[in-house]
Amino acid sequence: MFNAFSQTSLYNPVTTGYGFGYSQQKQEIIKVNGREGANAYQMPPNSSVLLLDVNQPVVYLKQTDGGGYANITAYRIEPLQETSQTKTNELEMRIKRLEEIISEPNTFSAKSADAKSTDTD
């Protein structure tokens with residue numbers, strides 16, 4: 001006899017992602033050859049994708065609307081330079097020295113004021 005409930009059960013390990021039947025979606029970086037390659041990359045309507053250019057440090061954001069018309073925006077990419085601890089220490093030392101100069105009695109302006117008063121006499 002045909003059991004309709006077992007065919008339309010709400011708990012389906014393959015489609016719901018539970019149990020042993022779950023298959024994980026493959027993830028990859030999509031690489032294209034320049035803007036022409038990004039234009040040629042086929043996509044369904046109402047979707048978006050990032051495309052990495054293999055010839056230059058550019059990533060393309062390609063988006064399609066409900067009619068399937070594509071819009072591509074290019075972004076330049078570059079590796080982030082991590083701030084090294086030595087640069088941070090050097091900057092802290094320089095700031096500390098500037099604070100010391102500011103907090104010291106201003107001997108330079110007093111000397112220049114004395115020099116100006118003797119020049120005008």
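Some ground rules. Residues are numbered from 1 along each chain as its sequence is written, and side-chain values use heavy atoms, with hydrogens and water left out. Since the model is predicted, local features need a pLDDT of at least 70 and side-chain atom pairs count only at pLDDT 80 or more, while totals for chains, interfaces and linings use all residues.

I begin with the overall picture. The protein has five helices and four strands. Helices here are DSSP runs of H or I with at least four residues, strands are runs of E with at least two, and both are numbered from the N terminus. Read from the N terminus, the order is α-α-β-α-β-β-β-α-α. The accessible surface comes to about 10,900 Å², and carbon and sulfur atoms hold 55% of that; the areas come from the Shrake-Rupley method with a 1.4 Å probe, and for residues only the protein chains shown count as cover. Of the 121 residues, 13% count as buried. Buried means under 20% relative accessible area, exposed means over 50%, and partly exposed lies in between, with a 1.4 Å probe and protein chains only.

Now the sheet. In what order do the four strands stand in the sheet? The order is β1-β2-β3-β4, in an open sheet with mixed pairing. β1, at 31-32, and β4, at 70-76, are the edge strands with a single partner each, so one side of each has no neighbour in the sheet. Two strands pair if DSSP finds at least two bridges between them. Strands of a sheet pair through backbone hydrogen bonds, either parallel or antiparallel.

β2, residues 48-53, runs antiparallel to β3, residues 58-64, and five bridges join them. Leu-51 stands opposite Tyr-60 of β3. On to the next pair: β3 and β4 are also antiparallel, over seven bridges. There, Tyr-60 has Ala-74 in β4 as its bridge partner. The hairpin of β3 and β4 has five residues between the strands, and in it Gly-68 takes a positive phi near 90 degrees.

Next, a single residue. Ala-38 sits in helix α3, residues 34-40. Is Ala-38 buried or exposed? Ala-38 counts as buried because its relative accessibility is 0%. Leaving aside residues up to four places away in sequence, Ala-38 touches Val-32, Leu-51, Tyr-60, Lys-62 and Ile-72, where a contact means heavy atoms within 4.5 Å. Ile-72 is 34 residues from Ala-38 along the chain, and their C-alpha atoms are separated by 7.8 Å.

Last, the charges. Side chains of opposite charge can pair when their charged atoms come close. A salt bridge is a side-chain nitrogen of Lys or Arg within 4 Å of a carboxyl oxygen of Asp or Glu. How many salt bridges does the structure hold? The structure holds three.

One of them joins Lys-26 and Glu-28, at 3.7 Å from N to O; both residues are exposed. Another joins Arg-97 and Glu-100, with the closest N and O atoms 3.5 Å apart. These two residues lie in helix α4, residues 85-103, three residues apart, about one turn of the helix. Glu-100 is partly exposed at 34% relative accessible area, and Arg-97 is partly exposed at 43%. Arg-97 also meets Glu-104 in a salt bridge, at 3.8 Å from N to O. Through shared partners, Arg-97, Glu-100 and Glu-104 form one network.
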